[in-house]
Amino acid sequence: MAFTGAGISTESGIPDFRSPGGVWTRYDPRDFTFDRYVDSAEVRRNSWAMRREFFAAAPEPNAAHRALAELEREGRLTAVITQNIDGLHQAAGSRNVIEVHGTAREVMCIGDHPRAGIAEGCDFRAPTTWAFERIDAGDDDPRCPRCDGLVKSATVSFGQAMFPEPLEVAAQHATTAELLLTIGSSLQVYPAAGIPEAAKRAGAALAILNDEATPFDRIADVVVRGRAGEVLPTAVATALGR
Ligand code: APR
């Protein structure tokens, strides 16, 4: 199993969150909570603007994403559990990708006034480009075409309940893994960071590839300090006897 964080996408030009210059060193995460999104049309407008910047940059998968896709094609990787919402694992060819924080590639209805961080909308979902088309047509706060509820990226924001299904699938995989390889994550955000912990408790070997220390280094079987795009292709080629 691979468990990835924002660090696997920095070499695709997407900043991570907690490194120097990362997103949370430039923005206040309290402005990005689920309740702020629900309560403020301005927060929603800023969020769509940030999404458009992301899409305009059209980030491409890098060698680390491609190395994991190759490991899966060769039958040596069961799934990628990712905290990332950028869709780059799928773009690199990975097929079994579990997005525990959802995806910025789609939008969903979250209902008219969801409370307690639960996205309780109808089942409307669309590609994120649907929202951009609505905004270009002059509607800067797109509502659900079915129930007039609020529309949000299909991601998990701070203060929002996790989507139960991907977390359950990830936890099942983690408890059957022989090896769990974490890549590019500071392993500080729960419940996602509980997945490598659960794998280790269930008997998996834990390997950490990260370019700075993590709280899990002391329990890991292997810690590799380095850049994912440099280390992973070599590690995968070696594992595949190339
Ligand atoms: N190669 C290896 N490691 C890298 C690279 C790289 N090219 N670039 C950055 N890193 C490391 C950083 O040193 C950092 O420890 O990746 C880690 C990224 O950590 P975070 O920025 O905290 O990102 P992540 O662990 O994915 O955050 C988890 O927090 O804000 C929420 O929902 C958000 O999914 C995110 C979650």
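Ground rules for the notebook. This is a predicted model, so I ask for pLDDT of at least 70 for local features and 80 or more for side-chain atom pairs, while totals for chains, interfaces and linings use all residues. I number residues from 1 along each chain as its sequence is written, and side-chain values use heavy atoms, with hydrogens and water left out.

I found R45 in helix 3 (residues 41-57). Helices here are DSSP runs of H or I with at least four residues, strands are runs of E with at least two, and both are numbered from the N terminus. The side chains of R45 and D140 make a polar contact of 3.4 Å. By that I mean a pair of N or O atoms within 3.5 Å; within protein, one must be able to donate a hydrogen and the other to accept it, and residues adjacent in sequence count only if both atoms are side-chain atoms. I also checked R45 against G117: they are 72 residues apart in sequence and 19 Å apart in space, C-alpha to C-alpha.

A67 I located in helix 4 (residues 63-73). A67 counts as buried, at 4% relative accessibility.

**Entry: the ligand**

I listed 23 residues around the ligand, the closest being E11, R18, S186, D211 and E212. A residue gets on this list if one of its heavy atoms lies within 4 Å of the molecule. By class I get six nonpolar, 11 polar and six charged residues in the shell. For the classes, Ala, Val, Leu, Ile, Met, Phe, Trp, Tyr, Cys and Pro are nonpolar, Asp, Glu, Lys and Arg are charged, and the others, Gly among them, are polar.

Next, some atom pairs. A polar backbone atom of A6 is 2.8 Å from a ligand oxygen, and a polar backbone atom of G7 is 3.3 Å from a ligand nitrogen. T10 brings a polar side-chain atom to 2.9 Å from a nitrogen of the ligand. On its own the ligand has 730 Å² of accessible area, and the protein covers 96% of that. Those areas are Shrake-Rupley values with a 1.4 Å probe.

**Entry: strand 8**

Strand 8 (residues 205-210) has five of its six residues buried. It runs parallel to strand 7 (residues 179-183), joined by five bridges; two strands pair if DSSP finds at least two bridges between them. L180 has L206 as its bridge partner in strand 8.

Strand 8 also pairs with strand 9 (residues 222-225), in the parallel sense, over four bridges. There, L209 stands opposite V224.

Most residues other than glycine have a negative phi, and most peptide bonds are trans, so I went looking for exceptions. Y190 and P191 are joined by a cis peptide bond, with omega about 5°. P191 is in the loop between strand 7 and helix 8.

L187 lies in that loop between strand 7 and helix 8 too. Its phi is positive, near 55°, and L187 is buried, with a relative accessible area of 2%. A116 has a phi near 55° as well, but A116 counts as exposed, at 67% relative accessibility.

Conventions:
Buried < 20%, exposed > 50% of the residue type's maximum accessible area, 1.4 Å probe, protein only.
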